[in-house]
Amino acid sequence: MLRAVPPAALEIRGLCKTFGTFRAVDRLDLTVRSGTFHGMVGPNGAGKSTTIGMTVGLVSPDAGEIRILGHDALADRGRARSLTGVLPDGLDLPERLTGAELLRYSAGLRGLHRTAAADRVAELIEVLGLAKAAGTPLADCSTGTRKKVGLAQALLHAPRLLVLDEPFEAVDPVSAATIRRVLRRFVDGGGTTVLSTHSMLLVEQMCDEVTVVHQGRVVAAGPVAEVAAGQNLEDRFVELVGADASGSEGLDWLTTPGEQR
Ligand SMILES: Nc1ncnc2c1ncn2[C@@H]1O[C@H](COP(=O)(O)OP(=O)(O)OP(=O)(O)O)[C@@H](O)[C@H]1O
């Protein structure tokens, strides 16, 4: 008997976004298979955050299709939102709430029963090492701690797809290892994670597949080893997006001692 193929966790076709006259995302296609860890990499300004923003309903696309686990995410935002956990770029958090208050509030918005919400919030605080942040206004928390609170918020409602914009940015190595273990358990349990990152090492260590975005378009995609094509991923990345020798010329005043300032 033929087994039904599960729908992709995330399927993007022909996605476009223009800011003024600048085409930030240009007919981008992306497929993230269910139950995988997928990395999205690209140079600064490549269009990763804009793509993620459109995927999770924070930025409206000019054109294209987005399907989350087979559901049309643009037509049915409510369904897409319930399936997806999001760690957006920039993390605009309500600064006066403490970490615990934000998590309880988010659990309420997600419609979690009060007892389940309290249990999950307590467990996330424990596992992610957020005891201090739980009682501290978010305005007074460090960048890395805010990332962890944002991640806890993304996990609260047990989504099927996690979309994370640079989840390891500013996070210390011990916390990063904890986050990696949490994400690995999530994926091993059938969830799907797509994350943007500048760490090729992280992609090599954690991701099943990778998509390389450059100037709003996909320039390579597939299993990490295939995209790396026999090189380490960092060298292959530089080859794909074009090496840049800037930084080795100019700024003579910086290296000429004794010059008048
Ligand atoms: N709201 C906006 N208005 C105008 N331009 C924007 C806006 N948002 C993004 N852009 C531009 O779109 C391009 C893509 O930005 P985006 O943040 O998606 O890149 P990125 O790949 O996430 O970059 P980085 O790795 O530096 O975070 C950039 O040139 C950026 O300046």
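## Helix 3 and its surroundings in a predicted model

In this predicted model, Gly99, Leu102, Leu103 and Ser106 of helix 3 meet Val149, Ala152 and Gln153 of helix 6. Sorted by class, the residues of this contact between helix 3 and helix 6 are four nonpolar and three polar, with no charged residue among them. The two helices pack at an angle of about 20°, and their axes lie 10 Å apart. Helix 3 and helix 6 are therefore roughly parallel to each other, since an angle under 35 degrees is counted in that way. The crossing of helix 3 and helix 6 is right-handed.

Helix 3 also packs against helix 4, where the axes come within 10 Å and cross at roughly 140°. That angle makes helix 3 and helix 4 oblique to each other, and their crossing is right-handed. On the side of helix 3, the contact is made by Ala100, Leu103, Arg104, Ala107 and Gly108, while helix 4 contributes Ala117, Arg120, Val121, Leu124 and Ile125. The residues of this contact of helix 3 with helix 4 divide into seven nonpolar, one polar and two charged.

| Helix pair | Angle between axes | Distance of axes |
|---|---|---|
| Helix 3 and helix 6 | about 20° | 10 Å |
| Helix 3 and helix 4 | roughly 140° | within 10 Å |

**The buried face of helix 3**

Which residues of helix 3 are buried? Helix 3 spans residues 99–109, and its buried residues are Gly99, Ala100, Leu102, Leu103 and Ala107. When helix 3 is seen down its axis, these buried residues fall within an arc of 160°, so they line one face of the helix. An α-helix has 3.6 residues a turn, so residues three or four places apart point the same way. The face of helix 3 that is turned away from the buried side carries the exposed residues Gly108 and Leu109. The cover over the buried residues of helix 3 includes helix 4 (114–127), helix 5 (131–134) and helix 6 (143–155). Just after helix 3, Gly111 takes a positive phi of about 80°.

**Helix 1**

Helix 1, which runs over residues 48–55, is mostly covered, with eight of its eight residues buried. The buried residues in helix 1 are Lys48, Ser49, Thr50, Thr51, Ile52, Gly53, Met54 and Thr55. Helix 1 is followed by Gly57, whose phi is positive and near 85°.

Leu28 lies in strand 2, which covers residues 22–32. Leu28 counts as buried because it has 24 C-beta neighbours inside 10 Å, where 20 or more are required. Leaving aside neighbours within four places in sequence, Leu28 is in contact with Ile12, Leu15, Thr51, Gly216, Arg217 and Val218. One of these partners, Thr51, is among the buried residues of helix 1. The C-alpha atoms of Leu28 and Leu162 are separated by 20 Å, and the two residues are 134 residues apart along the chain.

Glu209 has its place in strand 9. With 20 other C-beta atoms within 10 Å, Glu209 is buried. Residues up to four places away in sequence not being counted, Glu209 touches Thr36, His38, Gly222, Pro223 and Val224. Glu209 and Phe37 are 172 residues apart in sequence, and the distance between them in space is 6.7 Å, C-alpha to C-alpha.

Most residues other than glycine have a negative phi, and most peptide bonds are trans. In Gln215, a residue other than glycine, phi is positive and near 50°. Where does Gln215 lie? Gln215 is in the loop between strand 9 (209–214) and strand 10 (217–223). Because there are 16 C-beta neighbours inside 10 Å, Gln215 counts as partly exposed.

Leu251, although not a glycine, likewise has a positive phi, of about 55°. The loop that holds Leu251 runs between helix 10 (233–241) and helix 11 (252–255). Is Leu251 buried or exposed? With 9 C-beta neighbours inside 10 Å, Leu251 counts as exposed.

Technical notes. Residues numbered from 1 in each chain as written. Predicted model: local features only at pLDDT ≥ 70, side-chain atom pairs only at ≥ 80, totals over all residues. Buried ≥ 20, exposed ≤ 12 C-beta atoms within 10 Å, placed from the backbone. Helix = DSSP H or I, 4+ residues; strand = E, 2+ residues; numbered from the N terminus. Arc of directions from axis to C-beta. Contact = placed C-beta atoms within 7 Å. Axes fitted to C-alpha atoms, helices over the stretch in contact; angles between N-to-C directions. Parallel < 35°, antiparallel > 145°, perpendicular 65-115°, else oblique. Left-handed = near helix turned anticlockwise from the far one by under 90°. Nonpolar A, V, L, I, M, F, W, Y, C, P; charged D, E, K, R; others polar.
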